[in-house]
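Hi,

Here is the structure I promised to pass on.

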Amino acid sequence: GHCRLLCKPSALAQHLVRSLGRSAALRGEHWPWPCWPQLQLLWQLLQPPELEPVVARELLQLPDAGLVALDWLVGPWGAAGGGGGISSPVLLLIPNAAGKVTGGLLQLGLRALERGFIPVIFNRRGHNGCPLTTPRLQPFGDPGDLREAVTYLRCRHPSASLLAVSEGSGSGLLLAYLGESGSSSRLAAAACLSPIFRGRDWFEAGMPWLYEWPLLLHLKQGLSRYAGALAEVVDMDRLLGSRSLRELEETLFCRTRSRPTSWESYWERNEPLRDADEAAVPVLCLCSADDPVRGPPAQSLPRELFRSSPYFFLLLTPHGGHCGFPRRGPGRCWAHEAVLEYFRAMAEFLRTEERRKGLPRPR
């Protein structure tokens, strides 16, 4: 399908090339609308999942008494587990930065459930119906809450491999977590669908109104539910009157009543790739050259990172839009199959290396 893998040469890279090369997801007719990425984006945002999943919600209390929600996908069949056993891999799904759980993300979770994974969606404070118990939301690249969720998942499933996949702007959170945690991330592998690599540039450049306005309205609708609590720390009139995602982000996290900070200082602490050199977990980033949200590839893709780091892999396709990657037939998104094949290949490579070196599996 004219996909290219950009990475630093290594044994892992060779294994990944062979595995993805055999994958049916990367062959055949992928793009019914190759010349209209905006239509692909609209389809991705509006399409419902093929089957409505059954979700079991669990609220996790954080050290400051805040809450995040973990939504366990138990399938459209009403039976928990979907075939996953006690040591089945746990797949952590991270929605975009607006907290919108798209039909595409749910479809990926269902596909994973069918293949024996245990999928769970991470919902930030105040997102997707998660109660906001403290007047604090999660900044764009602050991985503190995600770290608590990963620690909990590791304690709940101590013998299972823990994997993570993010969608769109939610990748900023996953990339920041991998860089900040380094070899202590507790993840076996990660993947990012249409990630936003440079957060500040993305907010300052803006996006097509077709994408920005629905997300802006979605965020305002969620924030308005907590207007009383948030009024203690931010100017709610200015917040709800924001005309761009940048203005909303700046009002929410920089122009606070208690600890105001500059836009520059905010991004020094929240750029997704600020600690990318410390990442020690294989990460597959699946991007399309015609992504209308991320921006032109020459400015928005950190190609040097993929050439220099042995842990970052860029699967670049000429068409696919933003998180769309459409195809005809069941599944509708070939990127989901590619991500699941990547996780299978990673597990196979790690087992081979353990046998070759005679190393015990880490507890």
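This is a predicted model: local features need pLDDT of at least 70, side-chain atom pairs count only at pLDDT 80 or more; totals for chains, interfaces and linings use all residues.

Residues are numbered from 1 along each chain as its sequence is written, and side-chain values use heavy atoms, with hydrogens and water left out. Helices (H or I, at least four residues) and strands (E, at least two) are DSSP runs, numbered from the N terminus.

Let's start with β6. Six of its six residues are buried (under 20% relative accessible area; exposed is over 50% and partly exposed in between, with a 1.4 Å probe and protein chains only). Leu-162, Ala-164 and Ser-166 cover one side, and Leu-163, Val-165 and Glu-167 are on the other. β6 runs parallel to β4, joined by five bridges (strands pair if DSSP finds at least two bridges between them), and Val-90 sits opposite Leu-162. With β7, β6 also pairs in the parallel sense over five bridges, and there Ala-164 faces Ala-190. The chain gets from β6 to β7 through α5, in a right-handed β-α-β crossover (clockwise from the first strand over the helix to the second, with the strands pointing away from the viewer).

Next, α3. It covers residues 103-114 and reaches 17 Å from first C-alpha to last, close to the expected 16 Å (1.5 Å times one less than its number of residues). Since 11 of its 12 residues are buried, α3 is largely enclosed by the rest of the structure. Its cover includes β3, β4, β5, β6, β7 and α14. After the helix comes Gly-116, with a positive phi near 95°.

On to the cores (sets of buried Ala, Val, Leu, Ile, Met, Phe, Trp, Tyr and Cys residues joined through side-chain atoms within 4.5 Å). The largest has 39 residues, and Leu-92 and Leu-178 touch the most other members. Helix α5 gives the most to this core, with five residues. A second, separate core of 36 residues includes Leu-106 and Ala-112.

Last, Asp-235, in the loop between α8 and α9. At 34% relative accessibility, Asp-235 counts as partly exposed. Leaving out residues up to four places away in sequence, Asp-235 touches Thr-251 and Arg-257 (contact being heavy atoms within 4.5 Å).

Cheers
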